[in-house]
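Here is a note for a colleague who is starting to read models of this kind. Please keep the sequence and the picture open while going through the points.

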There are 2 protein chains.
Amino acid sequence: MRYRIKIEYDGTPFHGWQRQDGMDTVQQRLEEAAFPFTKVPVVLHVSGRTDAGVHALGQIAHFDSPEDLNCFRLQECMNAHLKDVPIGILEIEKVSDKFHARLGAIERYYCYKILNRRAKACIDTSRVWWVSYQLDTEKMHTVAQHLIGKHDFSAFRAAGCQSNSPIKTLNNISITRTGDLILVNVAAKSFLYHQVRNTVGSLVWIGRGYWSERDFLDIFDACDRTRAGPTAPACGLYFIGTKYSDE
Amino acid sequence: MRYRIKIEYDGTPFHGWQRQDGMDTVQQRLEEAAFPFTKVPVVLHVSGRTDAGVHALGQIAHFDSPEDLNCFRLQECMNAHLKDVPIGILEIEKVSDKFHARLGAIERYYCYKILNRRAKACIDTSRVWWVSYQLDTEKMHTVAQHLIGKHDFSAFRAAGCQSNSPIKTLNNISITRTGDLILVNVAAKSFLYHQVRNTVGSLVWIGRGYWSERDFLDIFDACDRTRAGPTAPACGLYFIGTKYSDE
């Protein structure tokens with residue numbers, strides 16, 4: 001039997017999603033929270049392996065179990081075992097064994113949150129990137145539209161990226177402002193390592209007037225990470241959700 | 001010279017707004033943060049004295065200073081001194097000495113946030129009240145409309161209330177839901193002690209079906225705090241802002 005779970009977490013205290021020896025990770029916390037109910041060890045397959053400090057509002061994972069489990073009771077059990085850590089199980093449902101949280105994804109959604117004002121974040125500490133100088137979001141949005149489509153994203157690819165190719169297809173990117181809060185929403189089937197955070201870092205250099213549109217496009221076209229902007233901090237990034245082919 | 005300041009804070013680590021000996025309060029933190037710039041002690045007069053754990057997105061206060069201060073530099077100085085606590089100065093401006101943050105208020109706005117789902121709050125820990133049983137927000141909104149107007153709010157008045165009278169005029173109350181998040185927005189010139197949190201506690205008993213509309217109105221009309229619902233926790237309450245007569 002295959003089970004699909006939807007998860008929310010605050011990434012601040014964790015060393016990212018993926019299990020690592022001796023580290024506190026989201027995957028390990030979840031697998032340990034399932035065990036008292038499943039009685040057999042479960043292995044989670046996840047849609048978006050988030051880095052340390054990155055949050056998720058709608059992470060999707062699946063696991064297999066030989067047992068026919070009561071999904072509601074499993075959810076309640078896992079949430080009870082997770083009560084002292086900022087991880088919550090939002091939904092669990094039985095799915096066909098054709099479903100695969102990682103391989104079946106046709107589009108993934110991330111949101112990057114920037115707080116743009118002189119005063120630091122007070123309510124949203126560790127949940128936004130605080131940028132104190134004024135950003136021109138309309139310009140950021142306009143320039144970002146050039147990134148939509150199939151391109152070589154090497155300029156925004158971090159060292160250590162395990163993707164076979166730097167060619168990715170960005171389906172959508174939008175930059176919107178509501179008061180002091182700027183949201184960068186992106187959609188693609190998949191992303192290079194740190195692609196979203198590196199894109200945001202360079203767009204912020206546009207927004208502060210440090211780069212012109214021409215500068216940005218030259219650097220993007222040069223496919224040279226060393227010339228691009230900084231990596232935006234993990235704390236502003238949220239994994240929002242995944243679209244699957246059967247949906 | 002009189003200065004008006006707009007403040008955001010996460011109330012979690014503080015013993016409320018008002019200075020108390022030996023306690024960490026928002027007022028003391030702010031007055032101490034102003035001193036290195038003003039060089040003379042300042043005394044803040046505030047629009048809404050929040051309790052321990054209550055947050056503010058747009059708290060308003062004023063203080064007087066014999067000096068003609070540069071507002072932007074004062075704001076930067078205060079924010080620098082507040083960098084390690086979740087308090088931020090959003091705006092400072094010179095105002096007429098007719099302005100009074102507390103006495104001049106003609107309407108105050110609070111928002112109470114409820115997270116209504118099986119899984120606890122993960123991203124918004126300490127920033128919402130987590131209610132795990134399903135709430136009927138339409139019913140809560142409908143019943144709440146009876147509270148609008150001038151009434152004896154004794155049923156929602158906490159012990160220790162310093163108001164001369166339990167008669168208050170509630171200008172507006174609305175209960176809205178977006179996904180799992182329920183917002184209770186209220187507006188009045190002033191409130192009794194714990195009036196908003198006590199109102200929310202009783203409305204939640206409506207929302208879970210524990211009380212009928214008739215029960216709620218009987219208890220409200222009886223003006224007896226002991227028969228009304230629980231006090232909703234401080235962590236869900238936000239002071240949003242104040243309207244002044246000159247605006």
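The points below go from the model itself to its domains, and then to the contact between its chains.

1. This is a predicted model, in which local features need pLDDT of at least 70 and side-chain atom pairs count only at pLDDT 80 or more, while totals for chains, interfaces and linings use all residues. Residues are numbered from 1 along each chain as its sequence is written, chains are lettered from A and ligands numbered from 1 in the order in which they are written, and side-chain values use heavy atoms, with hydrogens and water left out.

2. Chain A is divided into domain 1, residues 2–95, and domain 2, residues 107–244, the bounds coming from an automatic or database domain assignment. The C-alpha centres of domain 1 of chain A and domain 2 of chain A are 27 Å apart. Their contact, meaning heavy atoms within 4.5 Å, takes 17 residues from domain 1 of chain A and 17 residues from domain 2 of chain A.

3. The two domains of chain A bury about 1300 Å² between them, with carbon and sulfur atoms giving 49% of that area; buried area is the accessible area (1.4 Å probe) that two parts lose on being put together, summed over both. Within the area that domain 1 of chain A buries against domain 2 of chain A, Ser47(A), Asp51(A) and His55(A) supply 38%, more than any other three residues.

4. Which residue forms a salt bridge with Arg197(A)? The partner is Asp51(A), and the closest N and O atoms of the pair are 3.8 Å apart, where a salt bridge is a side-chain nitrogen of Lys or Arg within 4 Å of a carboxyl oxygen of Asp or Glu. Because Arg197(A) lies in helix 4 (residues 195–207) of chain A and Asp51(A) in the loop between strand 2 (45–46) and strand 3 of chain A, the pair ties together parts that are 146 residues apart in sequence. Helices (H or I, at least four residues) and strands (E, at least two) are DSSP runs, numbered from the N terminus. Across the interface of domain 1 of chain A and domain 2 of chain A, the rule finds two salt bridges.

5. Turning to the pair of chains, chain A can be laid on chain B with an RMSD of 0.0 Å by a turn of 180 degrees and a shift of 0.0 Å along the axis, the superposition being by least squares on the C-alpha atoms of residues with pLDDT of at least 70 in both copies. That is the relation of a two-fold axis. In chain A, the C-alpha nearest the axis belongs to Asp124(A), at 4.3 Å from it.

6. The contact between the chains takes 27 residues from chain A and 27 residues from chain B. Since 100% of the interface residues of chain A are also interface residues in chain B, the copies meet through the same surface. Chain A and chain B bury about 1900 Å² between them, 54% of it on carbon and sulfur atoms.

7. Four salt bridges are found by the rule across the interface of chain A and chain B, and the side chains of Glu76(B) and Arg118(A) meet in a salt bridge with an N to O distance of 2.3 Å. Strand 1 (2–9), strand 3, helix 2 (71–81) and strand 4 (87–95) of chain A each supply at least two residues of the side of chain A that touches chain B. Over all chains, the structure holds 24 salt bridges.
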